[in-house]
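Me: I want to learn how to read a protein model, one feature at a time. Can we work through this one together?

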Amino acid sequence: MRKLSRFQLLLTGLLVCVSSATLADTYPSKPIRLIVPYSPGGATDIVARLMSHKLTESLGQAVVVENRPGAGGIIGMDAVARADPDGYTLLLNTAGGHTLTPVLYKTNFDPVKSFAPISQIATIGLIVVTHPSVPAKTIKELVELAKSSPKSVSYAAGSSMITLMGEKFKSVVGAPRMISVPYKGTGPQLTAVMAGEVDMTFDPFNSLELIRAGKLRPLAVMSDKRSAALPDVPTLVESGIQDMNFNSWAALLAPAGTPQPIVDRLHRDVVKILQLPDVKQQLASIEYDIVGSTPAELNDIVIQDIARWTQIVKESGFKVDQ
C-alpha cells in the first residue's frame, strides 16, 4: 500500500475539520425522531415531550416524540440501535430500560457499544402508592396484608426495573405470594392502580397530582430522604424497610457512530435547555432533579449501573423467561 505524503495527511486532516464544521453548521436540516421505548404518559414520556418542545425551538427543526413500547424497552432501543447514525433518530431512555433490561434479557444491541451518550437529563425518585381502597395506610400494614390475605397483594410492573424492585421487596419483607402484573410502561401501571385493577406499584413520581386529588395513597418514598413535595410521607427506611433505596434517570442518546459534532451540538442544547427557568420549574414540580451531564459522564453512569444491576440480579436469583 502506498504511504501518504505529509502534505496528503495534512490535507486529509483539514478536509475532515472542514467537513465536521460544515456538519455542525448545517445540522439539522429535517425533522428528528425522538424514540421513547415506553407508552405515553409515563415518567420518560413526560421528560421526552418537554425536551422535544424545547429542542424544536433551539434546533429550528421539529423533534417528534415516537412511543415504541414493549419488551421492557427493547423494541424502542433496538429501533434506535439499528437507525442510521446521522442525528435524526434519538433515544430518550431510563436507567431501568437502558441498564437493567439488557442484564435480564438477550438483546441484539449492547447498551454501551450500540449507543452514543449525549446527556443524563435528570434523576427520578420513586414512591410506593396504593389504590385508596387497599386497607393499608402504612408500609407495615401493607406487608401484614400481603402476608395474611388469601389473594395476597398485587402490584403493577411497567418496566424491568419495577419488576425487579417488586421481587426484591417481596424478598426483603418476607411476602413471597405478592403478585406481579406486567404493563407496558409506568404510565399504564399507574393507570391500573388508579382503576383498582391492582393494589399498588412503585411509581417514579408520575402520581403527585393523583395523590393530591386523593385518587392514590402514598405509603413511602424509596430514597434516603423525604420528598419536598410530600413531606409527610416517610421513607422506606423510616418505615422499617432496609436496602430498598432506588432511583431512576432520564437520558438522551443516539445510535453509535453518530458524528461527534452532532453529539456536541445536541449536548450543548440540552444543557442550555435544562437551565431555562420554566424547564427547571416543570421538572422540579414532578420531583425530577436536573443533571445535564457530559456524554462521558453519562457513559460512566451506564457502565456503573449495569454492574450494579448485574450484582443485584445475581444476589436475588431473579430470572425471566428469555
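Me: Which residue does the side chain of lysine 170 meet in a salt bridge?
Reply: Keep in mind that this is a predicted model. For a salt bridge, look for a side-chain nitrogen of Lys or Arg within 4 Å of a carboxyl oxygen of Asp or Glu. Here lysine 170 meets glutamate 167, with N to O at 3.4 Å.

Me: How many residues apart are lysine 170 and glutamate 167 in helix H6?
Reply: They are three residues apart, and therefore separated by about one helical turn.

Me: Is lysine 170 buried or exposed?
Reply: Look at the relative accessible area; under 20% means buried. Lysine 170 has 12% relative accessibility, so it counts as buried. Glutamate 167 is partly exposed, at 24%.

Me: Which residue forms a salt bridge with aspartate 269?
Reply: That is arginine 265. The closest N and O atoms are 3.4 Å apart. Both residues lie in helix H9 (residues 260-274). They are four residues apart, so about one helical turn separates them. Aspartate 269 is buried at 8% relative accessibility. Arginine 265 is buried too, with a relative accessible area of 17%.

Me: What are the relative accessibilities of arginine 33 and glutamate 66?
Reply: Arginine 33 has 31% and counts as partly exposed. Glutamate 66 has 24% and is partly exposed as well.

Me: How many salt bridges does the count come to?
Reply: The count comes to 10.

Me: Let us turn to strands. Why is strand S1 largely enclosed by the rest of the structure?
Reply: Check its residues for burial. S1 covers residues 32-36, and four of its five residues are buried, so the rest of the structure largely encloses it.

Me: In which sense do S1 and strand S2 pair, parallel or antiparallel?
Reply: Follow the bridges between the strands. S1 and S2 (residues 63-67) pair in the parallel sense, over five bridges. One place to look is valine 36, whose bridge partner in S2 is asparagine 67. The chain runs from S1 through H2 to S2, and this β-α-β crossover is right-handed.

Me: How many bridges join S1 and strand S3?
Reply: There are three, again in the parallel sense. S3 spans residues 89-94. In S3, leucine 91 is the bridge partner of isoleucine 35.

Me: How do side chains point along a strand?
Reply: In a regular strand, they alternate between the two faces of the sheet.

Me: What lines the second largest cavity?
Reply: Its lining is Pro111, Val112, Phe115, Pro117, Leu253, Asn299 and Val302. Six of these are nonpolar, one is polar and none is charged. The volume is about 30 Å³.

Me: And pockets? What is the volume of the largest pocket?
Reply: A pocket is an open space, unlike a cavity. The largest pocket has a volume of about 390 Å³. Of its 21 lining residues, Gly125, Ser223, Lys225, Glu287 and Asp289 lie nearest its centre. The lining divides into nine nonpolar, six polar and six charged residues.

Note on methods
Residues are numbered from 1 along each chain as its sequence is written. This is a predicted model: local features need pLDDT of at least 70, side-chain atom pairs count only at pLDDT 80 or more; totals for chains, interfaces and linings use all residues. Side-chain values use heavy atoms; hydrogens and water are left out. On a 1 Å grid over the protein atoms alone, a cavity is a set of points where a 1.4 Å probe fits but cannot get out, and a pocket is an open set with protein on both sides within 12 Å along at least five of seven lines; lining residues have an atom within 4 Å of a point. Grid points are joined across faces, edges and corners, and a volume is the space filled by probe spheres set on the points. Ala, Val, Leu, Ile, Met, Phe, Trp, Tyr, Cys and Pro count as nonpolar, Asp, Glu, Lys and Arg as charged, and the others, Gly among them, as polar. Buried means under 20% relative accessible area, exposed over 50%, partly exposed in between (1.4 Å probe, protein chains only). Helices (H or I, at least four residues) and strands (E, at least two) are DSSP runs, numbered from the N terminus. Two strands pair if DSSP finds at least two bridges between them. A crossover is right-handed if, with the strands pointing away from the viewer, the path from the first strand over the helix to the second runs clockwise.
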